[in-house]
Amino acid sequence: MADIQIVETSLRDGNQCLWGATGIDTAKTLTIAPAMERAGYRAIDFTTSTHMGVAVRYKQEDPWERIRAMADICRTTPLQFLSTGFRFIAWETATPEFMELAFRTLATNGIRRFALADPMNDASSNVEVAKMVKRAGGDQVVGALVYSISPIHDDAHYAEAARTMAASPDIDGLYIKDPGGLLSPKRAQTLIPAILAEIGDKPLELHNHCTIGLAEPACLEAAELGAAAVQCASGGAADGTSNPPISRMIANLRAQGHTVDVDDEAVAEVADYFTALAEAEDLPTGRPMPFDAAYYQHNLPGGMVGTMRRHLADQGVPELEGAVIEEMGRVRQELGWPIVMTPFAQMLQTQAVMNVTGEERWAVIPDEIIRFAIGKFGRPNVPVDQDVMDRIMSNPRTKELEAETGMADVKTLRKKLGENLSDEEFLLRATMPQNLVDAMQAAGPAERQYDPKKVPLMNLLREVLARTDIDHLSIEKDGFSLEVEA
């Protein structure tokens, strides 16, 4: 039996899957940070550029301040930043110089571990980005093997990608990233040995989702096959479309005879906190999910199925769900089997809906599909279907998109935004609307403490104070009495 480690994902992926990336702010993060540091996790899946943008846009909080404060508490547990390559906050493709500055600033502020997940599974691209991260001061790099199901995503595909990344001295480990929760224990029995045979002594982790009930048994099988760590969420931030629940995973791993060296009291404290937070803020909590074979027809991440149903209902055609799912499979094949993860999942779904609801398939082609076909997102795994490519290339919009240059270089951006800006402020202003950054700065430092037990009382007081028909308030509880008169 083996020593299996845990990567904690509540602040990043649990928050994103169940709470739309908006459930967590700085106070909620820092309040539980000491317990997360004591727990003994291999790492904490902490943030992405998307989450940093959410902090500015929806919380009016400085994401750099949050990273620094968390890193100051988590001195032994590495904080992880997830990157999809040459993109930081904005969807525009950034220059290598800009990305190296972003990685350097992240490392300077306290990010020690960088996870690289190329949406195309372009292992060579991950190797180049890993070099950049290490030059910028990153301590650890883990390269992702994004799991998908298609005729081209077989064991040989993943073994080749694993071999390429493992040969890089800048990549310290690998992980299987399964955004759709589609990896079954049976499939793991051939996939994981094929990967391990190529990576030598570099560790392999598994990151998967509970969307169709396969994540926990797949994690247990991975541990049996030689995986070094599994990535899990805590309490109310786990299960559902999120990651496996840590407490249950630890118990099951130990029941199989594995060692999981964590501080059980701290792990329980973290789990209880995220459950209490969800209840206090009226956020959805995950629950064990039944197996759903229909997911193999579309591979969509769990949250996007609900989005698709809402869009079809808004258009008054909910009965077309089955047709859209079937069409997604055709579109994916015609586009060369892109992996169904952000941003490709949204693109495939949009094109499928247009094909089903329009007068003719491919009569309307969104800009993002055109950008994909002409290589703006990287190298497609196999060529786009020729008939579809002909339609795209004959579209007048294609020439305009081919002429796009992406984000300006750093020198040009600094001249435009201000030569004396700190790197932190420059990176935000280069990728976000100026008024949002201004509002964040005007809001001042973020709160540092959060108590979910106080939320119901504070909500009640706000509701009462907003009323004009009350001139006397009396509160009594457990020897405490408060009388307030207008």
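Is C210 buried or exposed? C210 is buried, with a relative accessible area of 3%. The model described here is predicted.

## The barrel

Eight strands form a closed barrel in the order 1-2-3-4-5-6-7-8, and their pairing is parallel. On average, neighbouring strands of this sheet are turned by 30° against each other, with direction ignored.

Several of the pairings can be followed residue by residue. Strand 1, residues 5–8, pairs with strand 8 in the parallel sense over four bridges. Within strand 8, C232 stands opposite E8. Strand 1 also pairs with strand 2, again in the parallel sense, over two bridges. Here V7 has A43 of strand 2 as its bridge partner. Strand 2 (residues 43–48) in turn pairs with strand 3 (residues 79–83) through four bridges, in the parallel sense. In strand 3, L82 is the residue opposite T48.

## A helix on the sheet

Helix 9, which covers residues 215–225, packs on the sheet. The strands touched by helix 9 are strand 7 (204–208) and strand 8 (229–232). The direction of helix 9 makes about 175° with that of strand 7.

## Cysteines

A disulfide is a covalent bond between the sulfur atoms of two cysteines. How many disulfides does a search of the whole structure find? The search finds zero. C210 is in no disulfide, and the nearest cysteine sulfur, in C219, lies 7.8 Å away.

For C219, the closest cysteine sulfur is that of C232, at 5.4 Å. A disulfide needs the two sulfur atoms within 2.5 Å, so the sulfur of C232 is too far from that of C219 for a bond. C219 is also buried, because its relative accessibility is 0%.

## Two helix pairs

Two packed helices are described by the angle between their axes and the distance between the axes. For helix 4 (residues 63–73) and helix 20 (residues 423–431), the axes come within 10 Å and cross at roughly 135°. Helix 4 is therefore oblique to helix 20. On the side of helix 4, the contact is made by P63, W64 and R68, and on the side of helix 20 by E424, L427 and L428. These contact residues divide into four nonpolar, no polar and two charged.

The second pair is helix 10 (residues 246–255) with helix 11 (residues 264–280). Their axes come within 9 Å and cross at roughly 145°. Which residues of helix 10 and helix 11 meet? From helix 10 they are I246, S247, I250 and R254, and from helix 11 they are D264, V267 and A271. By type, the residues of this contact are four nonpolar, one polar and two charged.

## A loop serine

Where is S168 found? S168 sits in the loop between helix 7 (155–166) and strand 6 (173–178). With a relative accessible area of 4%, S168 is buried, the cut-off for that class being under 20%. Leaving aside residues up to four places away in sequence, S168 touches V127 and K202.

Methods: Residues numbered from 1 in each chain as written. Predicted model: local features only at pLDDT ≥ 70, side-chain atom pairs only at ≥ 80, totals over all residues. Heavy atoms only, no water. Axes fitted to C-alpha atoms, helices over the stretch in contact; angles between N-to-C directions. Parallel < 35°, antiparallel > 145°, perpendicular 65-115°, else oblique. Contact = heavy atoms within 4.5 Å. Nonpolar A, V, L, I, M, F, W, Y, C, P; charged D, E, K, R; others polar. Buried < 20%, exposed > 50% of the residue type's maximum accessible area, 1.4 Å probe, protein only. Pairing = 2+ DSSP bridges.
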